[in-house]
Amino acid sequence: MNICCIGAGYVGGPTMAMIAKKCSNINVTVVDINEERINAWQSDSLPIYEPGLYDVVQESIGKNLFFSTDIDSAIKKADIIFVSVNTPTKTFGEGAGRASDLQYWELCARRIKEVSESDKIIVEKSTLPVRTAEAMERVLHSDESNLHFEVLSNPEFLAEGTAIKDLENPDRVLIGGHHTETGQKALNILVDIYANWIPRDKILTSNVWSSELSKLTANAFLAQRVSSINAISALCEATEADVTEVSHAIGTDSRIGAKFLKASIGFGGSCFKKDILNLVYLCESYGLNEVANYWQQVVEINEYQQIRFIRQMIQSMFNTIAGKKILILGFAFKADTGDTRESPAIKICRELYNEKADLVISDPKATSNAMKDLTDLKNITYEEDPYKAASGADAIAVLTDWNEYKYLDYEKIFKGMRKPAFIFDGRNFLEHEHLFNIGYEVYSIGKGRLSHLH
Ligand code: UDX
Ligand code: UDX
(Lines give C-alpha, C1' and ligand atoms only; values in the text may rest on other atoms or scores of the structure.)
(Ligands and ions follow the chains in the order given, each with its own letter.)
Protein backbone atom coordinates (compact mmCIF):
# COMPACT_ATOMS: atom_id res chain seq x y z
CA MET A 1 0.00 0.00 0.00
CA ASN A 2 1.18 3.55 -0.73
CA ILE A 3 0.41 6.49 1.49
CA CYS A 4 1.15 10.08 0.58
CA CYS A 5 0.96 13.01 2.96
CA ILE A 6 0.78 16.54 1.66
CA GLY A 7 2.33 18.93 4.21
CA ALA A 8 5.57 18.09 6.01
CA GLY A 9 4.89 20.26 9.07
CA TYR A 10 4.50 19.73 12.80
CA VAL A 11 1.60 17.35 12.25
CA GLY A 12 2.34 15.65 8.90
CA GLY A 13 6.03 14.88 9.57
CA PRO A 14 5.78 13.14 12.97
CA THR A 15 2.50 11.36 12.14
CA MET A 16 3.85 9.84 8.93
CA ALA A 17 7.14 8.88 10.58
CA MET A 18 5.14 6.94 13.17
CA ILE A 19 2.96 5.20 10.56
CA ALA A 20 6.09 4.18 8.63
CA LYS A 21 7.71 2.86 11.80
CA LYS A 22 4.68 0.82 12.82
CA CYS A 23 3.68 -0.46 9.36
CA SER A 24 6.71 -1.79 7.52
CA ASN A 25 4.51 -3.04 4.68
CA ILE A 26 3.31 0.49 3.82
CA ASN A 27 5.32 2.97 1.78
CA VAL A 28 4.92 6.47 3.12
CA THR A 29 5.89 9.54 1.10
CA VAL A 30 5.66 12.98 2.69
CA VAL A 31 5.58 15.86 0.20
CA ASP A 32 5.68 19.61 0.59
CA ILE A 33 5.96 22.65 -1.65
CA ASN A 34 8.70 23.94 0.62
CA GLU A 35 11.96 22.46 -0.67
CA GLU A 36 14.02 23.69 2.26
CA ARG A 37 11.73 21.82 4.66
CA ILE A 38 11.94 18.61 2.64
CA ASN A 39 15.73 18.83 2.57
CA ALA A 40 15.79 19.38 6.31
CA TRP A 41 13.73 16.23 6.92
CA GLN A 42 16.39 14.31 5.00
CA SER A 43 19.25 15.84 6.97
CA ASP A 44 20.57 15.45 10.49
CA SER A 45 18.85 18.62 11.58
CA LEU A 46 15.10 18.13 11.26
CA PRO A 47 12.94 21.18 10.52
CA ILE A 48 11.12 20.87 13.84
CA TYR A 49 12.31 20.01 17.32
CA GLU A 50 10.34 17.23 18.95
CA PRO A 51 11.78 14.86 21.59
CA GLY A 52 12.30 11.36 20.15
CA LEU A 53 11.39 12.36 16.59
CA TYR A 54 14.88 12.01 15.14
CA ASP A 55 15.15 8.35 16.11
CA VAL A 56 11.72 7.52 14.72
CA VAL A 57 12.58 9.15 11.39
CA GLN A 58 15.98 7.45 11.21
CA GLU A 59 14.39 4.05 11.70
CA SER A 60 12.43 4.20 8.45
CA ILE A 61 13.86 6.89 6.20
CA GLY A 62 15.00 5.45 2.88
CA LYS A 63 13.26 2.14 3.67
CA ASN A 64 9.54 2.90 3.70
CA LEU A 65 9.58 6.60 4.60
CA PHE A 66 10.41 9.18 1.95
CA PHE A 67 10.38 12.97 1.78
CA SER A 68 9.96 14.67 -1.58
CA THR A 69 8.88 17.81 -3.40
CA ASP A 70 7.48 15.77 -6.29
CA ILE A 71 3.87 16.14 -5.19
CA ASP A 72 2.29 14.90 -8.43
CA SER A 73 4.07 11.54 -8.56
CA ALA A 74 3.34 10.91 -4.90
CA ILE A 75 -0.36 11.62 -5.48
CA LYS A 76 -0.48 9.34 -8.52
CA LYS A 77 1.03 6.40 -6.68
CA ALA A 78 -0.96 6.79 -3.48
CA ASP A 79 -3.94 4.72 -2.34
CA ILE A 80 -4.44 7.01 0.62
CA ILE A 81 -3.62 10.73 0.72
CA PHE A 82 -3.38 12.52 4.05
CA VAL A 83 -3.74 16.28 3.72
CA SER A 84 -1.92 18.10 6.47
CA VAL A 85 -1.31 21.54 5.05
CA ASN A 86 -1.77 24.58 7.23
CA THR A 87 -5.17 26.18 7.67
CA PRO A 88 -4.34 29.55 9.21
CA THR A 89 -6.83 32.18 10.27
CA LYS A 90 -7.98 34.22 7.28
CA THR A 91 -6.31 37.61 7.15
CA PHE A 92 -8.47 39.16 4.44
CA GLY A 93 -12.05 39.47 3.25
CA GLU A 94 -15.13 37.87 4.74
CA GLY A 95 -14.39 36.33 8.15
CA ALA A 96 -10.91 37.92 8.33
CA GLY A 97 -9.27 37.32 11.71
CA ARG A 98 -11.57 34.40 12.55
CA ALA A 99 -12.51 32.08 9.71
CA SER A 100 -10.08 29.38 8.53
CA ASP A 101 -8.21 30.13 5.36
CA LEU A 102 -8.93 27.06 3.26
CA GLN A 103 -7.10 28.12 0.13
CA TYR A 104 -4.25 25.62 0.58
CA TRP A 105 -6.71 22.85 1.24
CA GLU A 106 -8.67 23.60 -1.89
CA LEU A 107 -5.49 23.85 -3.95
CA CYS A 108 -4.55 20.39 -2.72
CA ALA A 109 -7.96 18.99 -3.61
CA ARG A 110 -7.71 20.46 -7.10
CA ARG A 111 -4.21 19.09 -7.57
CA ILE A 112 -5.35 15.63 -6.43
CA LYS A 113 -8.24 15.71 -8.88
CA GLU A 114 -6.03 16.86 -11.73
CA VAL A 115 -3.27 14.29 -11.49
CA SER A 116 -5.06 11.20 -10.13
CA GLU A 117 -5.37 8.14 -12.32
CA SER A 118 -7.01 5.84 -9.75
CA ASP A 119 -9.52 5.97 -6.88
CA LYS A 120 -8.21 7.48 -3.64
CA ILE A 121 -9.03 7.81 -0.01
CA ILE A 122 -8.45 11.40 1.12
CA VAL A 123 -7.83 11.88 4.83
CA GLU A 124 -8.32 15.29 6.44
CA LYS A 125 -5.50 15.68 8.97
CA SER A 126 -5.61 19.45 9.15
CA THR A 127 -8.06 21.02 11.57
CA LEU A 128 -10.97 22.20 9.51
CA PRO A 129 -14.34 23.81 10.01
CA VAL A 130 -17.18 21.32 10.32
CA ARG A 131 -18.56 20.32 6.89
CA THR A 132 -15.31 21.02 5.01
CA ALA A 133 -15.37 17.46 3.66
CA GLU A 134 -18.55 18.30 1.80
CA ALA A 135 -16.88 21.17 -0.04
CA MET A 136 -13.86 18.99 -0.78
CA GLU A 137 -16.02 16.24 -2.23
CA ARG A 138 -17.62 18.76 -4.54
CA VAL A 139 -14.23 19.97 -5.76
CA LEU A 140 -12.94 16.43 -6.19
CA HIS A 141 -15.99 15.26 -8.11
CA SER A 142 -16.48 18.40 -10.16
CA ASP A 143 -15.81 16.90 -13.59
CA GLU A 144 -16.79 13.96 -15.73
CA SER A 145 -14.09 11.60 -14.45
CA ASN A 146 -15.14 8.16 -13.22
CA LEU A 147 -12.69 8.22 -10.35
CA HIS A 148 -14.02 8.00 -6.81
CA PHE A 149 -12.57 10.02 -3.94
CA GLU A 150 -13.72 9.06 -0.46
CA VAL A 151 -13.06 11.72 2.17
CA LEU A 152 -12.36 10.70 5.79
CA SER A 153 -11.69 12.93 8.77
CA ASN A 154 -8.89 11.84 11.08
CA PRO A 155 -7.94 14.79 13.29
CA GLU A 156 -4.65 14.82 15.15
CA PHE A 157 -4.74 15.24 18.91
CA LEU A 158 -1.00 15.29 19.44
CA ALA A 159 0.52 18.14 21.41
CA GLU A 160 3.90 19.59 20.52
CA GLY A 161 6.73 18.47 22.77
CA THR A 162 4.99 15.15 23.42
CA ALA A 163 4.07 14.34 19.80
CA ILE A 164 5.95 11.04 19.64
CA LYS A 165 4.49 9.83 22.93
CA ASP A 166 1.03 10.96 21.85
CA LEU A 167 1.36 9.15 18.51
CA GLU A 168 2.76 5.98 19.99
CA ASN A 169 0.25 5.73 22.79
CA PRO A 170 -2.72 8.03 22.17
CA ASP A 171 -5.76 8.36 24.43
CA ARG A 172 -7.77 7.66 21.31
CA VAL A 173 -7.69 7.89 17.53
CA LEU A 174 -10.76 9.37 15.88
CA ILE A 175 -11.83 8.51 12.34
CA GLY A 176 -14.95 9.92 10.72
CA GLY A 177 -16.45 8.40 7.56
CA HIS A 178 -19.71 8.57 5.68
CA HIS A 179 -22.39 5.99 6.43
CA THR A 180 -22.27 4.66 2.89
CA GLU A 181 -20.77 1.45 1.60
CA THR A 182 -17.69 3.18 0.17
CA GLY A 183 -17.43 5.39 3.25
CA GLN A 184 -17.38 2.44 5.65
CA LYS A 185 -14.96 0.51 3.46
CA ALA A 186 -12.49 3.40 3.46
CA LEU A 187 -12.96 3.90 7.18
CA ASN A 188 -12.11 0.26 7.87
CA ILE A 189 -8.92 0.48 5.81
CA LEU A 190 -7.73 3.37 7.97
CA VAL A 191 -8.81 1.61 11.19
CA ASP A 192 -6.70 -1.41 10.15
CA ILE A 193 -3.63 0.78 9.66
CA TYR A 194 -3.86 2.25 13.16
CA ALA A 195 -4.69 -1.18 14.60
CA ASN A 196 -1.08 -2.16 13.81
CA TRP A 197 -0.13 -0.55 17.11
CA ILE A 198 -3.22 0.89 18.77
CA PRO A 199 -5.76 -1.27 20.63
CA ARG A 200 -9.05 -1.42 18.73
CA ASP A 201 -11.05 -0.04 21.65
CA LYS A 202 -9.07 3.18 21.41
CA ILE A 203 -9.95 3.68 17.75
CA LEU A 204 -13.20 5.61 17.74
CA THR A 205 -15.28 5.93 14.61
CA SER A 206 -18.01 8.44 13.87
CA ASN A 207 -19.62 10.29 11.03
CA VAL A 208 -17.46 12.83 9.22
CA TRP A 209 -19.14 15.89 10.75
CA SER A 210 -18.78 14.66 14.34
CA SER A 211 -15.12 13.96 13.73
CA GLU A 212 -14.44 17.40 12.22
CA LEU A 213 -16.30 19.12 15.04
CA SER A 214 -14.67 17.01 17.77
CA LYS A 215 -11.26 18.39 16.93
CA LEU A 216 -12.41 22.00 17.23
CA THR A 217 -14.33 21.13 20.38
CA ALA A 218 -11.40 19.35 22.04
CA ASN A 219 -9.13 22.35 21.55
CA ALA A 220 -11.85 24.78 22.65
CA PHE A 221 -12.42 22.79 25.87
CA LEU A 222 -8.71 22.62 26.70
CA ALA A 223 -8.24 26.33 26.04
CA GLN A 224 -11.35 27.10 28.07
CA ARG A 225 -9.85 25.37 31.11
CA VAL A 226 -6.69 27.46 30.88
CA SER A 227 -8.76 30.64 30.51
CA SER A 228 -11.01 29.60 33.40
CA ILE A 229 -8.13 29.10 35.81
CA ASN A 230 -6.44 32.26 34.52
CA ALA A 231 -9.61 34.24 35.21
CA ILE A 232 -9.58 32.86 38.74
CA SER A 233 -5.89 33.79 39.09
CA ALA A 234 -6.88 37.47 38.81
CA LEU A 235 -9.35 37.00 41.64
CA CYS A 236 -6.69 35.18 43.70
CA GLU A 237 -4.36 38.14 43.42
CA ALA A 238 -7.10 40.43 44.68
CA THR A 239 -8.02 38.21 47.64
CA GLU A 240 -4.78 36.57 48.86
CA ALA A 241 -5.98 33.18 47.72
CA ASP A 242 -3.24 31.17 45.98
CA VAL A 243 -4.14 29.89 42.53
CA THR A 244 -1.92 26.82 42.82
CA GLU A 245 -3.80 25.79 45.96
CA VAL A 246 -7.13 26.47 44.29
CA SER A 247 -6.14 24.42 41.21
CA HIS A 248 -5.02 21.57 43.39
CA ALA A 249 -8.19 21.67 45.44
CA ILE A 250 -10.54 21.62 42.47
CA GLY A 251 -8.31 19.36 40.35
CA THR A 252 -8.52 16.54 42.88
CA ASP A 253 -12.25 16.37 42.22
CA SER A 254 -12.21 13.48 39.76
CA ARG A 255 -15.10 15.05 37.89
CA ILE A 256 -12.88 18.03 37.10
CA GLY A 257 -9.46 16.35 37.00
CA ALA A 258 -6.00 17.84 37.41
CA LYS A 259 -4.91 18.56 33.85
CA PHE A 260 -4.91 21.94 32.10
CA LEU A 261 -5.34 23.84 35.36
CA LYS A 262 -1.93 25.51 35.47
CA ALA A 263 -2.39 29.25 35.64
CA SER A 264 -0.03 31.00 33.23
CA ILE A 265 0.55 34.04 31.08
CA GLY A 266 -1.97 32.41 28.75
CA PHE A 267 -2.12 29.71 26.14
CA GLY A 268 -0.25 29.93 22.86
CA GLY A 269 0.49 27.57 20.00
CA SER A 270 -0.76 27.18 16.50
CA CYS A 271 -4.15 25.70 17.37
CA PHE A 272 -6.06 27.04 20.35
CA LYS A 273 -6.70 30.62 19.30
CA LYS A 274 -7.16 29.76 15.64
CA ASP A 275 -9.58 26.95 16.37
CA ILE A 276 -11.69 28.88 18.88
CA LEU A 277 -11.98 31.85 16.55
CA ASN A 278 -13.01 29.47 13.84
CA LEU A 279 -15.61 27.95 16.15
CA VAL A 280 -16.90 31.45 16.95
CA TYR A 281 -17.15 32.25 13.28
CA LEU A 282 -18.97 29.00 12.55
CA CYS A 283 -21.48 29.62 15.35
CA GLU A 284 -22.17 33.09 13.99
CA SER A 285 -22.65 31.74 10.48
CA TYR A 286 -25.34 29.46 11.88
CA GLY A 287 -26.98 32.42 13.68
CA LEU A 288 -25.90 31.19 17.13
CA ASN A 289 -24.68 34.52 18.49
CA GLU A 290 -24.84 33.67 22.19
CA VAL A 291 -22.78 30.55 21.63
CA ALA A 292 -20.29 32.56 19.59
CA ASN A 293 -19.96 35.17 22.37
CA TYR A 294 -19.43 32.46 24.96
CA TRP A 295 -16.41 31.00 23.15
CA GLN A 296 -15.08 34.43 22.13
CA GLN A 297 -14.67 35.20 25.82
CA VAL A 298 -12.16 32.34 26.18
CA VAL A 299 -9.85 34.15 23.75
CA GLU A 300 -10.44 37.49 25.42
CA ILE A 301 -9.48 36.22 28.87
CA ASN A 302 -6.30 34.88 27.29
CA GLU A 303 -5.37 38.32 26.01
CA TYR A 304 -6.38 39.94 29.30
CA GLN A 305 -4.03 37.59 31.14
CA GLN A 306 -1.07 38.76 29.06
CA ILE A 307 -1.99 42.41 29.55
CA ARG A 308 -2.32 41.86 33.29
CA PHE A 309 1.15 40.36 33.42
CA ILE A 310 2.69 43.29 31.56
CA ARG A 311 0.88 45.81 33.77
CA GLN A 312 2.10 44.09 36.88
CA MET A 313 5.69 44.19 35.64
CA ILE A 314 5.53 47.89 34.93
CA GLN A 315 3.73 48.83 38.15
CA SER A 316 6.02 46.84 40.39
CA MET A 317 9.11 48.34 38.80
CA PHE A 318 8.06 51.82 39.93
CA ASN A 319 5.89 52.53 36.89
CA THR A 320 8.74 52.86 34.47
CA ILE A 321 10.79 50.32 32.62
CA ALA A 322 12.31 52.69 30.06
CA GLY A 323 16.00 51.87 29.69
CA LYS A 324 15.77 48.95 32.13
CA LYS A 325 17.30 45.69 31.05
CA ILE A 326 14.78 42.85 31.10
CA LEU A 327 15.75 39.26 30.51
CA ILE A 328 13.04 37.22 28.79
CA LEU A 329 13.64 33.64 29.86
CA GLY A 330 11.80 31.44 27.36
CA PHE A 331 10.10 32.50 24.16
CA ALA A 332 8.52 29.25 22.91
CA PHE A 333 4.77 28.89 23.52
CA LYS A 334 5.52 26.02 25.90
CA ALA A 335 8.48 23.86 26.95
CA ASP A 336 10.12 21.21 24.73
CA THR A 337 9.44 22.94 21.46
CA GLY A 338 11.08 25.66 19.41
CA ASP A 339 7.67 26.68 18.10
CA THR A 340 6.69 30.28 18.83
CA ARG A 341 3.40 30.51 16.92
CA GLU A 342 0.95 32.60 18.98
CA SER A 343 3.36 32.48 21.90
CA PRO A 344 2.32 34.93 24.65
CA ALA A 345 5.98 36.00 24.63
CA ILE A 346 5.42 37.82 21.35
CA LYS A 347 2.83 40.22 22.72
CA ILE A 348 4.62 40.61 26.04
CA CYS A 349 7.93 41.47 24.37
CA ARG A 350 6.28 43.92 21.99
CA GLU A 351 4.57 45.75 24.84
CA LEU A 352 7.75 45.89 26.93
CA TYR A 353 9.60 47.18 23.90
CA ASN A 354 7.00 49.91 23.43
CA GLU A 355 7.70 50.94 27.01
CA LYS A 356 11.33 51.33 25.88
CA ALA A 357 12.71 48.43 27.92
CA ASP A 358 16.05 47.01 26.85
CA LEU A 359 15.22 43.37 26.02
CA VAL A 360 17.46 40.31 26.09
CA ILE A 361 15.78 37.13 24.88
CA SER A 362 16.98 33.67 25.83
CA ASP A 363 15.50 30.28 24.93
CA PRO A 364 17.17 26.89 24.44
CA LYS A 365 15.37 26.17 21.15
CA ALA A 366 13.39 29.20 20.02
CA THR A 367 15.73 32.17 19.59
CA SER A 368 15.83 31.89 15.80
CA ASN A 369 12.02 31.88 15.63
CA ALA A 370 11.93 34.76 18.12
CA MET A 371 14.19 36.78 15.83
CA LYS A 372 11.76 36.25 12.96
CA ASP A 373 8.73 37.14 15.11
CA LEU A 374 10.36 40.39 16.28
CA THR A 375 12.33 41.19 13.16
CA ASP A 376 10.93 44.74 13.00
CA LEU A 377 12.14 45.59 16.53
CA LYS A 378 15.65 46.98 16.64
CA ASN A 379 18.32 46.56 19.33
CA ILE A 380 17.00 43.39 20.93
CA THR A 381 19.72 41.04 22.13
CA TYR A 382 19.40 37.27 21.68
CA GLU A 383 21.57 35.16 23.95
CA GLU A 384 21.12 31.44 24.50
CA ASP A 385 23.24 31.32 27.65
CA PRO A 386 20.93 32.51 30.47
CA TYR A 387 23.85 33.48 32.72
CA LYS A 388 25.40 35.78 30.15
CA ALA A 389 21.95 37.09 29.24
CA ALA A 390 21.17 38.00 32.87
CA SER A 391 24.25 40.07 33.47
CA GLY A 392 23.29 43.61 34.47
CA ALA A 393 19.56 42.94 34.18
CA ASP A 394 16.95 44.72 36.32
CA ALA A 395 14.38 41.98 35.90
CA ILE A 396 13.79 38.46 34.66
CA ALA A 397 10.47 37.44 33.13
CA VAL A 398 10.08 33.67 32.83
CA LEU A 399 7.69 33.06 29.95
CA THR A 400 8.24 29.38 29.08
CA ASP A 401 8.25 26.46 31.50
CA TRP A 402 11.53 24.89 30.33
CA ASN A 403 12.53 22.36 32.99
CA GLU A 404 16.13 23.57 32.98
CA TYR A 405 14.99 26.97 34.25
CA LYS A 406 14.09 25.33 37.55
CA TYR A 407 17.72 24.37 38.07
CA LEU A 408 19.54 27.57 37.14
CA ASP A 409 21.89 28.97 39.75
CA TYR A 410 19.67 31.90 40.71
CA GLU A 411 22.12 33.01 43.38
CA LYS A 412 24.85 33.50 40.81
CA ILE A 413 22.39 35.28 38.51
CA PHE A 414 21.24 37.54 41.35
CA LYS A 415 24.79 38.70 42.04
CA GLY A 416 25.17 39.97 38.48
CA MET A 417 21.84 41.85 38.41
CA ARG A 418 21.02 45.45 39.28
CA LYS A 419 19.15 45.87 42.55
CA PRO A 420 16.35 45.61 43.41
CA ALA A 421 16.32 42.48 41.24
CA PHE A 422 12.87 41.45 40.07
CA ILE A 423 11.70 38.05 38.89
CA PHE A 424 8.31 37.51 37.28
CA ASP A 425 7.35 33.85 37.05
CA GLY A 426 4.78 33.70 34.25
CA ARG A 427 4.51 29.93 34.65
CA ASN A 428 4.35 29.58 38.44
CA PHE A 429 6.93 26.82 38.46
CA LEU A 430 9.97 28.24 40.22
CA GLU A 431 10.64 27.98 43.95
CA HIS A 432 9.41 31.35 45.06
CA GLU A 433 10.45 31.20 48.72
CA HIS A 434 13.98 30.25 47.72
CA LEU A 435 14.18 33.11 45.23
CA PHE A 436 12.86 35.53 47.84
CA ASN A 437 15.48 34.38 50.33
CA ILE A 438 18.23 35.02 47.80
CA GLY A 439 16.97 38.59 47.65
CA TYR A 440 14.71 38.75 44.62
CA GLU A 441 11.43 40.63 44.42
CA VAL A 442 9.22 37.71 43.38
CA TYR A 443 6.03 38.04 41.38
CA SER A 444 4.00 35.16 39.95
CA ILE A 445 0.51 34.49 38.66
CA GLY A 446 -2.41 34.25 41.06
CA LYS A 447 -0.31 34.54 44.21
CA GLY A 448 0.74 37.36 46.50
CA ARG A 449 4.10 39.00 45.76
CA LEU A 450 7.15 38.31 47.91
CA SER A 451 8.82 41.65 48.48
CA HIS A 452 11.65 43.11 50.55
CA LEU A 453 10.50 46.63 49.67
CA HIS A 454 7.89 48.50 51.62
C1 UDX B 1 -1.27 21.31 11.22
C2 UDX B 1 -2.61 21.34 10.50
O3 UDX B 1 -2.42 21.33 9.15
C4 UDX B 1 -3.42 22.50 10.99
O5 UDX B 1 -4.65 22.59 10.34
C6 UDX B 1 -3.64 22.24 12.41
O7 UDX B 1 -4.55 23.15 12.94
C8 UDX B 1 -2.33 22.28 13.12
O9 UDX B 1 -1.49 21.33 12.59
P10 UDX B 1 1.10 22.19 11.09
O11 UDX B 1 1.58 20.83 10.72
O12 UDX B 1 1.41 22.71 12.45
O13 UDX B 1 -0.47 22.30 10.86
O14 UDX B 1 1.46 23.25 10.00
P15 UDX B 1 2.83 23.54 9.32
O16 UDX B 1 3.94 23.12 10.18
O17 UDX B 1 2.73 24.94 8.83
O18 UDX B 1 2.83 22.53 8.07
C19 UDX B 1 2.09 22.65 6.93
C20 UDX B 1 2.98 22.33 5.73
O21 UDX B 1 2.18 22.25 4.56
C22 UDX B 1 4.07 23.36 5.45
O23 UDX B 1 5.33 22.74 5.47
C24 UDX B 1 3.73 23.88 4.05
O25 UDX B 1 4.85 24.18 3.27
C26 UDX B 1 2.93 22.74 3.46
N27 UDX B 1 2.03 23.13 2.38
C28 UDX B 1 1.18 24.15 2.54
C29 UDX B 1 2.06 22.41 1.19
O30 UDX B 1 2.85 21.48 1.04
N31 UDX B 1 1.18 22.76 0.19
C32 UDX B 1 0.33 23.80 0.31
O33 UDX B 1 -0.43 24.09 -0.62
C34 UDX B 1 0.32 24.53 1.53
C1 UDX C 1 -2.88 21.52 21.50
C2 UDX C 1 -3.75 20.30 21.93
O3 UDX C 1 -3.39 19.88 23.23
C4 UDX C 1 -3.58 19.19 20.94
O5 UDX C 1 -4.38 18.09 21.31
C6 UDX C 1 -3.98 19.71 19.59
O7 UDX C 1 -3.89 18.73 18.62
C8 UDX C 1 -3.12 20.90 19.21
O9 UDX C 1 -3.25 21.90 20.19
P10 UDX C 1 -0.33 22.20 21.67
O11 UDX C 1 -0.71 23.44 20.95
O12 UDX C 1 0.89 21.46 21.21
O13 UDX C 1 -1.52 21.15 21.59
O14 UDX C 1 -0.11 22.57 23.21
P15 UDX C 1 -0.76 22.26 24.62
O16 UDX C 1 0.13 21.37 25.38
O17 UDX C 1 -2.18 21.87 24.52
O18 UDX C 1 -0.66 23.71 25.31
C19 UDX C 1 -1.31 24.84 24.75
C20 UDX C 1 -0.97 26.10 25.54
O21 UDX C 1 -1.65 26.12 26.80
C22 UDX C 1 0.50 26.27 25.84
O23 UDX C 1 0.86 27.62 25.63
C24 UDX C 1 0.59 25.91 27.30
O25 UDX C 1 1.69 26.52 27.93
C26 UDX C 1 -0.74 26.42 27.83
N27 UDX C 1 -1.19 25.72 29.05
C28 UDX C 1 -1.48 24.38 29.04
C29 UDX C 1 -1.36 26.44 30.22
O30 UDX C 1 -1.11 27.65 30.26
N31 UDX C 1 -1.81 25.79 31.33
C32 UDX C 1 -2.08 24.45 31.35
O33 UDX C 1 -2.49 23.94 32.39
C34 UDX C 1 -1.91 23.74 30.15
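Helix α1, residues 12–22, is largely enclosed by the rest of the structure, because nine of its eleven residues are buried. Buried means under 20% relative accessible area, exposed means over 50%, and partly exposed is in between, with a 1.4 Å probe and protein chains only. Helices here are DSSP runs of H or I with at least four residues, strands are runs of E with at least two, and both are numbered from the N terminus. The buried residues of α1 are G12, G13, P14, T15, M16, A17, M18, I19 and A20.

Before I go on, some ground rules. This is a predicted model, in which local features need pLDDT of at least 70 and side-chain atom pairs count only at pLDDT 80 or more, while totals for chains, interfaces and linings use all residues. Residues are numbered from 1 along each chain as its sequence is written, chains are lettered from A and ligands numbered from 1 in the order in which they are written, and side-chain values use heavy atoms, with hydrogens and water left out.

Now ligand 1. Which residues come nearest to ligand 1? Of the 19 around it, they are D32, R37, V85, T87 and K274. Being near here means that a heavy atom of the residue lies within 4 Å of the molecule or strand. By class, this shell holds seven nonpolar, eight polar and four charged residues. For the classes, Ala, Val, Leu, Ile, Met, Phe, Trp, Tyr, Cys and Pro count as nonpolar, Asp, Glu, Lys and Arg as charged, and the others, Gly among them, as polar.

Next, its polar contacts. A polar contact is a pair of N or O atoms within 3.5 Å; within protein, one must be able to donate a hydrogen and the other to accept it, and residues adjacent in sequence count only if both atoms are side-chain atoms. An N or O atom in the side chain of R37 is 2.6 Å from an oxygen atom of ligand 1. For Y10, a polar backbone atom is 3.1 Å from a ligand 1 oxygen, and for S126 a polar side-chain atom lies 3.2 Å from one. On its own, ligand 1 has 690 Å² of accessible area, and the protein covers 92% of that. Accessible areas come from the Shrake-Rupley method with a 1.4 Å probe, and for residues only the protein chains shown count as cover.

On to ligand 2. It is surrounded by 20 residues, and the closest are F157, E160, K215, S264 and R427. Eleven residues of this shell are nonpolar, three are polar and six are charged. Which helix gives the largest share of the shell around ligand 2? Helix α9, residues 208–239, does, with four residues. A backbone N or O atom of G268 lies 2.9 Å from a ligand 2 oxygen, and a polar backbone atom of E156 is 3.2 Å from one. The protein covers 91% of the 670 Å² of accessible area that ligand 2 has on its own.

Helix α11 runs over residues 272–285, which is 14 residues. From first C-alpha to last, α11 reaches 20 Å, close to the 20 Å expected at 1.5 Å a residue; the expected span is 1.5 Å times one less than the number of residues. Eleven of the 14 residues of α11 are buried, including K274 and D275. The cover over these buried residues includes α9 and α12, residues 289–316. Contact means heavy atoms within 4.5 Å. Just after α11, G287 takes a positive phi of about 75°.

That brings me to backbone angles. Most residues other than glycine have a negative phi, and most peptide bonds are trans. R131 is not a glycine, yet its phi is near 85°. R131 lies in the loop between β5 (120–124) and α6, and counts as partly exposed at 33% relative accessibility. N428 also has a positive phi, about 50°, and is not a glycine. N428 sits in the loop between β13 and α17 (432–438), and is buried, with a relative accessible area of 16%. The peptide bond from K419 to P420 is cis, with omega near -5°. P420 lies in the loop between α16 (410–415) and β13 (422–425).

Last, T132. Is T132 buried or exposed? At 3% relative accessibility, T132 counts as buried. T132 is in helix α6, residues 132–140. Leaving aside neighbours within four places in sequence, T132 is in contact with L102, E124 and E212.
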